[in-house]
Amino acid sequence: MAQCILKPDLQFAQELRESGGENLKKCFQCATCSVACPLAPANAPYPRKEMVWASWGLRDKLRGDTDLWLCHNCGNCSDLCPRGARPADVMAAARTIIYKELTSPSIVGKWMSRASGLPVLFLIPTVLWLVVWWIRAGYNNGNWFPRAADGRIVFGQIFYGDYTIDPIFMLTFFGACFILYCGVRKLWDMFRPQGKLLVIGKKKSWFCHLIDVLMEEVVTHRKFDDCEDGPITGKAPSNRKWGHAVLVWSFAILAFVTAVVALGHWGGKIIPVIEIHTPMPLTFPVKILANIGALMLFCGLAVLTARRVSLDSANHGSSFYDWYLLGIIWLVAATGMLSQCFRLADAVKPAFVVYYFHLVFVWMLFAYLPWSKLGHLVYRTAALVYVRMYGRS
Amino acid sequence: MSNAILVVGGGFAGITAAIEAAELGHDVFIVEKSPWLGGRVAQLNKYFPKLCPPSCGLEIQFQRIRKNPRVKFFTQAEITALSGCKGDYTVKVRLNPRRTAPHNVDFSLLASSLTGKTDNEFDFGLSMRKGLYKSMPFAFPGRYVLDTKTLSKSDAARVAGIRFLETAEEPREIVLNMGAVVVATGWKPYDVTRLTNLGAGAIKNCISNMQMERLASASGPTGGRIVRPSDNRAPNSVAFVQCAGSRDQNHLNYCSYICCMATLKQCLYLAEQNPNVKITVYYIDLRAPGRYVNVLEKVRAEPNVSFVKGKVADAGQAAGDRVTLTVEDAVRGEKLTLHYDLAVLATGMQPSLAGENPPLPLPMDEDGFIAGGEAAGIFAAGCARMPLDVTRSAQSGTAAALKAVQTVKGR
């Protein structure tokens, strides 16, 4: 008989505890959680098996575990857990560690893992944009708060799109995309089972599966409804579907607006008909859409923040990752709205200062995306695609 | 000053403490809330260690009470106030009216002719009782109780003129002077309506282990035939849900100690009655302390009992009034959703005082168990102190009696 030697990795278990799974050792393997989870499949359900792997520190088991990403963190398991071991938090902590290890350079992941890394994360873009400001102020005869020739406030005077914002953000965006691409490749390699996989019948390409995931799960947020089908916990249900969905849709709208503006701007240089001038007037359709997106962003954020604040601390914890993401989106949304208000109110100094911070926070949101909780946007989607390709969904 | 000992609660621990103290020559007063002595043991079909019916062990205890003039007891009695200090307690006791004459009168014919009914709390709602009732054949004292609230109009007219019935009897209050107190207030089954994920008591044919005892009991609602409450048919498949509320910080944050053994015992009841029954026990850990491991081995050897490691965390109603249970077999890593004719929730024991505000100066832990109080001459016994089986409950009764005796002696 083949002998299996378990090698407990206590350091990994400790890491999990520090990343939000501090109660994992309370688990006594009763398997309530696997039943509590309506998403867990009948065959090898989660999160009980993840709990035992976590307490033994079986790093490789967790890294190769697609189920970690099937979990949508509704918290039913933690509500019903008889020991307060908080399986939902342990699953989230395991995902967090995987972001951290998956994504290089890993030093960013280290800064991202605790509040003490925040100053460094913050300092990088503040210096970056301050240098830009300083250089551009030089172009404006040393005036840090210049006005356009017609007296309006135009942020482009300082943060000139063509030479500052666009190149920096394009670099950041495509850099993040590349890092995520490498991460997804690594993730899929970790998932791949040993030996050969035989698929009987028609095989769909990963791209078709991706479209399916986006249409059936991301757009509709169907899994969030499925999360409600668990056993009755007797605790007040806190459906995150609408808060999360509104937030995701607002992200999609804002991404679309950004793409349209970029296309109008750069494309306009070639085809003058589609040119878009910024700042756009408030009645311009793209601007209206942008403001609708911003409003939705606020609504979704408010709902999710209120939910997180009201979580029963006996069963649910909120880690630095959770607060970082909510915090940074709040700051992006708030500075974005405020800079527009100051610009329209003709307050030149506050407008520029707030806009500067807006750029800092937007940069943080995008540049650190692969290491932050927002990484789940890509990694979870990738995992869901993988799961469909391998028939566990 | 007084050398008498007050025993609160007339269950197995309480009567054992009372008899032991009385046999050492002390005056003892038992105050029991229900109309009869015997407590939870009286509700069981069989009890450990020898799996004899409750009448067996309780009869001996009742004999000892009958023969010992030093033991006095009040049933349907509650303590309303306790003041004073160790050696000199003044206790106020409220005696609720029994409304029947103070000697044993056989009211069985009269009782069966009455029409008004209410849920029988002794059978945990599995049967109805009349306004004039005696919950068990071996009841001690062997007196009926007249519950005027349950009488219908015609019943009231029927009992109005009967000798030996005092429909107008009022509650009374008496004052006792006591030297020491033994608190043996016992336990109550954990309230299934709080187990929301297990159906909160609303699923048909999903019963508690204490209801199972009543079903199996010869003096129970079915005369000892274990059947489904919905259709009175013998079940062919039965599931036991262990730790239903126990070892759970959302419910009872401790192991109730007796539920595993109760389930093993009930497996034997079922196997005895129906050799074709298929039984599955879902557990987290099976706890068979000490020599009870022999019982575990015996039940394990039964061909129709299987054990699955995994806690049932979801229960629902299936077609045909069957019960659907969902559980992960934690050894095989498989989530099972299965239907059973009958499901038994092995609910745990909660101290009777939990959530109550007893008029006794008792230090209680967060679960409602009595922790300490001995310096004040108040001694806890039985399941009021911790979850215990009958044997250990009796031992703790003896221990409390000895401590109480030492408190009042030598003064």
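Let me begin in chain B, where strand S13 and strand S20, residues 342–347, pair in the parallel sense over 3 bridges; two strands are said to pair if DSSP finds at least two bridges between them, and strands are DSSP runs of E of at least two residues, while helices are runs of H or I of at least four, both numbered from the N terminus. Within this pairing, Ile207(B) has Val344(B) of S20(B) as its bridge partner.

Please keep in mind that this is a predicted model, in which local features need pLDDT of at least 70 and side-chain atom pairs count only at pLDDT 80 or more, whereas totals for chains, interfaces and linings use all residues. Residues are numbered from 1 along each chain as its sequence is written, and chains are lettered from A and ligands numbered from 1 in the order in which they are written.

The pair belongs to an open sheet of 5 strands in chain B, with parallel pairing and the order S13-S20-S14-S15-S16. Strands S13 (206–208) and S16 (305–309) of chain B stand at the edges with a single partner strand each, so one side of each has no neighbour in the sheet.

Turning to the helices, H6 (residues 259–273) and H7 (residues 293–301) of chain B pack at an angle of about 40°, their axes 10 Å apart, where axes are lines fitted to C-alpha atoms, for helices over the stretch in contact, and angles run from 0 to 180 degrees between N-to-C directions. In the contact (C-beta atoms, placed from the backbone, within 7 Å), Met261(B), Leu264(B), Cys267(B) and Leu268(B) of H6(B) meet Val295(B), Leu296(B) and Val299(B) of H7(B).

Technical notes. Two residues are in contact if their C-beta atoms, placed from the backbone, lie within 7 Å.
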